[in-house]
Amino acid sequence: MEIRLHNTLSGKKETFKPLQPGKVGMYHCGPTVYMYPHIGNFRAYVFADTLKRLFVELGFDVMQVINITDVGHLVSDSDDGEDKMEKSAKALHKSAQELANFYTSVFMDNLRELNVHTSGTIFPRATAHIPEQIKIIEELERKGYTYKTSDGIYFDTARFPDYGKLGNINIGGLREGERIGVNDEKRNLTDFALWKFSPTNEKREQEWPSPWGVGFPGWHIECSAMAMKYLGETFDIHTGGIDHIPVHHNNEIAQSECATNHQFVHIWMHNEFMSVDGKKMSKSLGNFYTMADFHAKHVNPLAYRYFLLNARYSTPMNFTWESLGAATNAYEKLVAHAQKLDEVEPEGHSGVESEVISAMADDLDTPGVIATLWNALKSDDVTDAQKKSILLLADRLLGLKLFAQKKIIIPEAVLILVEKRKLARAEKNYTESDRLRKEIETHGFTVKDNKEGQDIIQL
Ligand code: AMP
Ligand code: ZN
């Protein structure tokens, strides 16, 4: 089966050729653990997990790395401003590592709720890989790619003619030594910090000795060091959100390729954003939701996963509760199909199954997989046994846990209360309908109003 993936490096869909037959190594830029991850961030990891599921289905041995950034990511995303970890730790009167442990465990719990495979994945922390980072900087220094300023050791991007090749970034104007006043000592605007010195007037909480003085690594070098440590100097696939193309990933390429003299990554893949009201969902804009919001609203995280997979990873998405509601209904219908077929012995349907796999192998066309699945489920030409086999395959690829959802038995008492509430609502007696909702909740269920009536949800 040919796998075609869109490579940001070439700007084209390419046939995937593994570096080692039957094996694939993938690195995914992980979270900066200074705050709760938002549901937009999980688009990046559900995408990574879906990619992994395709390879596993096709019999590949997958090596996957998702880093944990617990130092060096500065507020401005460039080389100035406070370290996000230190700033947040101070505000919360915690140590940076307490914060990192807490948000890393939230991140891991959230991944599991979204059925992202975590067991075989390596989650390295930046602070546990300082020597590896220093080693790369030393190599770059030996080769003459670095220079020193009053606040750190910088990479001279003018020395790497390919700088900006990922996504064809137009850096022409930036090379002229323009100054925007932020850091006058940079030779080129695109230059970036490899190592930053600790400030002389205050004590940083996380800092390390180095050949250049006490300080901490730049955010970009962390990813290069951890990726190369676990996947080798050249590996198959690197992913992240599209925001990482212009700076972070071009910097990773520059420092890695100059240090090793080899191509760093064969295929770069980038997921589009999840927006809210047309603006990127982001921690800095404050327009985000977390998995805790899903818990509060009794949203099944896997219905969100289904919502995500209804668009290809490379298509922009906009989040609304209404569209999530529609996806939840469809997800629940799929679960109902799975439950109906629970006892049925599966029997392969090679036609539909190869359509499903071909859609996945065509640059993760998950909406195509979902459409094929629905067509098969609705078709009279497909037997129940075949439907079961197709559902099992789609479920493995999409990771929706369709067969693992609990069979919910709604007690008679709840059904009677829901009927009464329907009448109260028809009479516009909202005080009574609210009272009834509360009474329903004492039975461990709740109701959500929709256009056709009420959905009954188990708490
Ligand atoms: P961060 O913790 O901000 O470094 O982000 C972690 C991952 O989530 C990165 O791959 C980002 O590119 C990605 N990301 C951040 N915001 C969004 C968003 N609104 N939609 C999709 N991916 C995002
Ligand atoms: Zn990264």
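1. A polar contact here is a pair of N or O atoms within 3.5 Å. On that basis, a polar backbone atom of Gly 40 lies 3.2 Å from a nitrogen atom of ligand 1.

2. This is a predicted model, where local features need pLDDT of at least 70, side-chain atom pairs count only at pLDDT 80 or more, and totals for chains, interfaces and linings use all residues. Residues are numbered from 1 along each chain as its sequence is written, ligands are numbered from 1 in the order in which they are written, and side-chain values use heavy atoms, without hydrogens and water.

3. Two further contacts deserve a look. A polar backbone atom of Met 274 is 2.8 Å from a nitrogen atom of ligand 1. An N or O atom in the side chain of Lys 283 is 3.4 Å from an oxygen atom of the ligand. Taken alone, ligand 1 exposes 490 Å², and the protein buries 94% of that (Shrake-Rupley method, 1.4 Å probe).

4. The shell has 19 residues (a heavy atom within 4 Å of the ligand). Gly 40, Gly 241, Asp 243, Met 274 and Met 281 come nearest. By class, six residues are nonpolar, nine polar and four charged; Gly counts as polar.

5. Which helix gives the largest share of the shell? H1 does, with three residues. Helix H1 (41-57) and strand E9 (235-241) each supply at least two (DSSP runs, at least four residues for helices and at least two for strands).

6. Domain 1 (4-271) and domain 2 (275-398) both give residues to the shell, so ligand 1 lies between them. The domain bounds come from an automatic or database assignment.

How values were computed. Polar contact = N/O pair within 3.5 Å; in protein donor to acceptor, adjacent residues only side chain to side chain.
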